[in-house]
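Here is a short briefing on one chain. Look over the sequence and the coordinates, then work through the points below.

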Amino acid sequence: MPLGLTLAPKVLASKTLTSWITPVAHWYANLAGYRRYGLKYDDLVIEEYEDVQKALNRLTTREQYDRAFRMKRASHASVLHNVLPKEEWTKPEEDVRFLSPLIREVEKEDKERAMWDTVYVSRK
């Protein structure tokens with residue numbers, strides 16, 4: 001399972017939990033440092049999983065190009081041991097999940113396919 005378990009729906013359902021956890025989540029995302037290299041969160045998903053490969057193939061041509069550009073720019077900055085200039089950092093409002101919904105969709109289709117593959121039909 002590429003994305004793993006999440007408590008996000010339960011946290012978002014509670015206003016109190018959301019108000020406590022949101023500042024910590026923003027702090028942690030900034031501490032992770034991927035935004036300083038111009039990457040988005042979904043750029044960090046491990047690509048070796050079959051479900052992720054299927055989801056990557058479902059991206060539009062523009063999204064594939066943008067992702068490849070971000071990866072290439074980040075690896076270049078990493079090789080130079082520099083972060084990008086501040087104006088090129090990924091802003092929190094730009095850091096949207098573009099791949100996670102597709103991965104969930106692929107996982108849902110796989111579960112449905114497995115269910116239909118193991119259906120037992122009996123005659124009356």
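Is Pro92 buried, partly exposed or exposed? Its relative accessibility is 43%, so Pro92 counts as partly exposed. This is a predicted model. The chain averages a pLDDT of 91, and 98% of the residues score at least 70. The structure holds 12 salt bridges.

**Confidence by element**

- Helix 4 (residues 61-79) has the highest mean pLDDT among the elements of the chain, at 96.
- Helix 1 (residues 8-13) has the lowest, at 85.

**Helix 2**

- Helix 2 covers residues 15-32.
- Its 18 residues should span 26 Å at 1.5 Å a residue. The end C-alpha atoms of helix 2 are 25 Å apart, so the span agrees with that expectation.
- Helix 2 bends by about 30° at Ile21. A proline, Pro23, follows within four residues.
- Gly33 comes after helix 2. The phi of Gly33 is positive, near 90°.

**Nonpolar surface patch**

- Val24, Trp27, Tyr28 and Leu31 make a nonpolar surface patch of about 490 Å².
- One of these residues, Trp27, is found in helix 2.
- Trp27 has 53% relative accessibility. The cut-off for exposed is over 50%, so Trp27 counts as exposed.

- Lys54 and Glu50 meet through their side chains in a salt bridge, at 3.7 Å from N to O.
- Both residues lie in helix 3 (residues 50-57). Lys54 and Glu50 are 4 residues apart, about one turn of the helix.
- Glu50 counts as exposed, at 58% relative accessibility.
- Lys54 is partly exposed, with a relative accessible area of 29%.

- The side chains of Glu109 and Arg58 form a salt bridge of 2.6 Å, N to O.
- Glu109 lies in helix 5 (residues 100-117), and Arg58 lies in the loop between helix 3 and helix 4. The pair therefore ties together parts that are 51 residues apart in sequence.
- Glu109 counts as partly exposed, at 28% relative accessibility.
- Arg58 is partly exposed, with a relative accessible area of 34%.

- A salt bridge joins the side chains of Arg113 and Asp110, at 3.0 Å from N to O.
- Arg113 and Asp110 are 3 residues apart in helix 5, so about one helical turn separates them.
- Arg113 counts as partly exposed, at 44% relative accessibility.
- Asp110 is partly exposed, with a relative accessible area of 22%.

**Salt-bridge network**

- Which residues are linked in a network of salt bridges? They are Asp43, Glu47, Arg67 and Arg70.

**Loop between helix 4 and helix 5**

- His81 is found in this loop, between helix 4 and helix 5.
- The phi of His81 is near 60°. That is a positive value in a residue other than glycine.
- His81 is exposed, with a relative accessible area of 71%.
- Pro92 is also found in the loop between helix 4 and helix 5.
- The C-alpha atoms of Pro92 and Thr61 are separated by 24 Å. Pro92 and Thr61 are 31 residues apart along the chain.

**Buried positions**

- Ile103 lies in helix 5.
- Ile103 has 0% relative accessibility. Buried means under 20%, so Ile103 counts as buried.
- Ile103 and Ala32 are 71 residues apart along the chain, and their C-alpha atoms are separated by 22 Å.
- Asp51 sits in helix 3. Asp51 is buried, with a relative accessible area of 15%.
- How many Å separate the C-alpha atoms of Asp51 and Asp110? The separation is 8.6 Å, for residues 59 apart along the chain.

Conventions. Residues numbered from 1 in each chain as written. Predicted model: local features only at pLDDT ≥ 70, side-chain atom pairs only at ≥ 80, totals over all residues. Heavy atoms only, no water. Patch = residues over 30% accessible without salt bridge, like charges linked within 9 Å, V, L, I, M, F, W, Y side chains within 5 Å. Areas by Shrake-Rupley, 256 points an atom, 1.4 Å probe, with all protein chains shown as cover. Salt bridge = Lys/Arg side-chain N within 4 Å of Asp/Glu carboxyl O. Helix = DSSP H or I, 4+ residues; strand = E, 2+ residues; numbered from the N terminus. Buried < 20%, exposed > 50% of the residue type's maximum accessible area, 1.4 Å probe, protein only. pLDDT = per-residue confidence, 0-100. Expected span 1.5 Å × (residues − 1). Bend = angle between axes of the 7 residues up to and from the residue.
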